[in-house]
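Hi,

Here is the structure I said I would pass on. Have a look at it first, and then read my notes below.

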Amino acid sequence: MAIPSISGQEHQIAHFIRSLLEAEGVPVQMVEVEGCGPSLAAFHKFPGEGGTLTFYGHLDTVEPARGWRNPFKPRVSQGRLYGLGSCDMKAGLAAQVEALLSLRRAGLNLGGTLMLAMASDEELYSRGCHALLGSGLLSRADAVLSGEPTGLSKVEVGKPG
């Protein structure tokens, strides 16, 4: 599915992801952000005790480059997906959503909570991340794994605060 989500216009993708998660029974909290689309946080609590691992990503993309025909229509060529935001960062968001849903469906006896935190406006002013921080939702995280495309040799892991 192709959903344009240029910075400031993340509403549709945020609500799409919310609907997808809620249809699977995953609680979602939307955080309204002035001047752009909402950010969101979703949670799956496993049966055992433990900390909170947060998968973090951003919902927005940059503006399409001048001259790009059909930037919002994804296409596959020679086994690669092309389209605005396919790498930065819709692939990361899709992987994070699928990981949460797959772990939830597997019914594993794990401990702790898996949280998805998806921010609007990362490409411009990071207002969505600031809103998530201000809401207190990110303070629940014991560790954060970013889905930002940094290359195969680097993984971003962090702790908020």
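A definition before the strands: two of them pair if DSSP finds at least two bridges between them. Helices (H or I, at least four residues) and strands (E, at least two) are DSSP runs, numbered from the N terminus. This is a predicted model, where local features need pLDDT of at least 70 and side-chain atom pairs count only at pLDDT 80 or more, while totals for chains, interfaces and linings use all residues. Residues are numbered from 1 along each chain as its sequence is written, and side-chain values use heavy atoms, with hydrogens and water left out.

On to the sheet. β1 and β2 run antiparallel, joined by 4 bridges, and V28 has A42 in β2 as its bridge partner. β2 also runs antiparallel to β6, with 6 bridges between them; here L40 stands opposite M118 of β6. Of the 7 residues in β2, 6 are buried (buried is under 20% relative accessible area, exposed over 50%, partly exposed in between, with a 1.4 Å probe and protein chains only).

Next, α1, which covers residues 11–23. Its 13 residues reach 18 Å from first C-alpha to last, close to the 18 Å expected at 1.5 Å a residue (that span is 1.5 Å times one less than the number of residues). I13, A14, I17 and L21 are its buried residues. Just after the helix, G25 takes a positive phi of about 85 degrees.

What about the nonpolar core (buried Ala, Val, Leu, Ile, Met, Phe, Trp, Tyr and Cys residues joined through side-chain atoms within 4.5 Å)? The largest one has 20 residues, and I17, L21, L59 and M118 are among those with the most contacts inside it. α1, β2, α2 and β6 each supply at least two of its residues, and α2 gives the most, with 5. Leaving aside neighbours within four places in sequence, L59 has contacts (heavy atoms within 4.5 Å) that include I13, A14, I17 and M118.

Last, the cysteines. How many disulfides are there? The count is 0, taking a disulfide as a pair of cysteine sulfur atoms within 2.5 Å. The sulfur of C36 is 12 Å from the closest cysteine sulfur, in C129, too far for a bond. C36 counts as buried at 5% relative accessibility, whereas C87 is partly exposed at 48%.

Cheers
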